[in-house]
Amino acid sequence: MSVDGEVRQLRTEADEPGWEVDPDDEWGVAVVATVGRQLKLRREAVGMRAGEFGTAVGYGEDLVYKIESGKRIPRPEYLDRADEVLGAGGLLAAMKEDVAKVRYPKKVRALAEMEAKAVEIGVYECNIIAGLLQTPEHARAVIKAAQPPYSLDDVERMVAARLARQSVFDRDPAPSIHFVLEEAPLRRRVGGTMVWRQQLERLLEVGRLHYVTLQVMPTNTEPHPGLDGRIELLKFPDGTAAGRSDGAFNGRPITDPKQLRILELRYGTIRAQALSSRESLAFIEQLLGDT
């Protein structure tokens, strides 16, 4: 397609993996359908055909139809460009916040919302590096390792969801965040040596933040209460809390004070057995230096 004497390549579905609507997410389906309907009404109101509009925003006609019919999640850039082309005065661009939430699986979205409200976050991971700490390349390699494998679209959706949770590090004031990671996952070169090194560098970067405590649990240590699986504890401004553990209460989220005290006791014991924050950062630096 030629525009102002230049050739423009219109985007297709193949250019945007991971932007399909999850049919099991009723709220997400409703949001995307509403946004698509508004886009179509605005386009028709100004008398633009789908192909003409697609050329203006840089998308193929087929993809425009799928977005308008609620089968595809529009990217933020699409909404910005559509708002400009259709003269919507910011009404279409304002939908970006809700659309961004739809991009992520329902379960992850609920977790991210809780983490975004927490004033204190405590995480213990035994088999992987915590999702809040993963680089995009590391996250992609971990998710691709699943069996049976996820589709490429699902992989990109899950990577985006995992990275979106990391907005907790941008909050002001920041929450108090504590991590305990096992030594073995730190040594595992997920994604290859370069990806592994970048992941360790990311751990050092986050671990040096003044509101973050990062600890490593050495492999050569006594048994501890985290051997059953991951633990996450969240505390909120109103004094309430929530938690979950792979090895307790069937892994479901809990808010009962008695159950939370059990998780807090286990997490406190794990932190006490792990290396100190200073020792842990020195350990990670040594891993980097040994390569």
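F53 is buried, and Y78 is buried as well; a residue is called buried under 20% relative accessible area, exposed over 50%, and partly exposed in between, using a 1.4 Å probe and protein chains only. The model described here is predicted, so local features need pLDDT of at least 70 and side-chain atom pairs count only at pLDDT 80 or more, whereas totals for chains, interfaces and linings use all residues. Residues are numbered from 1 along each chain as its sequence is written, and side-chain values use heavy atoms, with hydrogens and water left out.

**Aromatic rings**

- The whole structure holds two aromatic pairs. Rings of Phe, Tyr and Trp (its six-membered ring) pair if their centres lie within 6.5 Å; planes under 30 degrees apart are stacked, those over 60 are edge-to-face, and the rest are tilted.
- F53 and Y78 form an edge-to-face pair, with 6.1 Å from centre to centre and 80° between the planes.
- This pair links distant parts of the chain, as F53 belongs to helix α2 (residues 50-57) and Y78 to helix α4 (residues 76-86), 25 residues apart. Helices (H or I, at least four residues) and strands (E, at least two) are DSSP runs, numbered from the N terminus.
- The rings of Y59 and Y78 have planes at 85° and centres 4.7 Å apart, and therefore this pair is edge-to-face.
- Y59 lies in the loop between α2 and α3 (61-68), 19 residues from Y78 in helix α4, and the pair links distant parts of the chain.
- Y59 and Y78 are both buried.
- Ring pairs join F53, Y59 and Y78 into a cluster.

**Charges over rings**

- The charged end of R189 sits over the ring of W196, 4.2 Å from its centre. For a charge to sit over a ring, NZ of Lys or CZ of Arg must be within 6 Å of the ring centre and within 35 degrees of the ring normal.
- R202 lies over the face of F169, and the distance to the ring centre is 5.7 Å.

**Salt bridges**

- The count of salt bridges comes to 14. A salt bridge is a side-chain nitrogen of Lys or Arg within 4 Å of a carboxyl oxygen of Asp or Glu.
- D80 and K96 form a salt bridge in which the closest N and O atoms are 2.9 Å apart.
- D80 counts as partly exposed at 33% relative accessibility, and K96 counts as partly exposed at 28%.
- R165 forms a salt bridge with E115, and their closest N and O atoms are 2.7 Å apart.
- Because R165 lies in the loop between α8 (152-164) and β4 (176-182) and E115 in helix α6 (residues 106-117), the pair ties together parts that are 50 residues apart in sequence.
- Both R165 and E115 are buried.
- R230 and E125 meet through their side chains in a salt bridge of 2.7 Å, N to O.
- R230 is in the loop between β5 (212-217) and β6 (231-235) and E125 is in strand β3, 105 residues apart, and the pair links distant parts of the chain.
- R230 is buried with a relative accessible area of 12%, and E125 counts as buried at 6%.

**E182, a buried residue without a salt bridge**

- E182 lies in strand β4.
- E182 is buried yet has no salt bridge, and R188, the nearest side chain of opposite charge, is 10 Å away. Lys and Arg count as positive and Asp and Glu as negative; His and the chain ends are not counted.
- The side chains of E182 and Y124 make a polar contact at 2.7 Å. A polar contact is a pair of N or O atoms within 3.5 Å; within protein, one must be able to donate a hydrogen and the other to accept it, and residues adjacent in sequence count only if both atoms are side-chain atoms.

- G131 is found in the loop between β3 (120-125) and α7 (136-144).
- G131 is buried, with a relative accessible area of 10%.
- Not counting residues up to four places away in sequence, G131 touches R162, R165 and Q166; contact means heavy atoms within 4.5 Å.

**The whole chain**

- The chain has 12 helices and seven strands.
- Of its 291 residues, 44% are buried.
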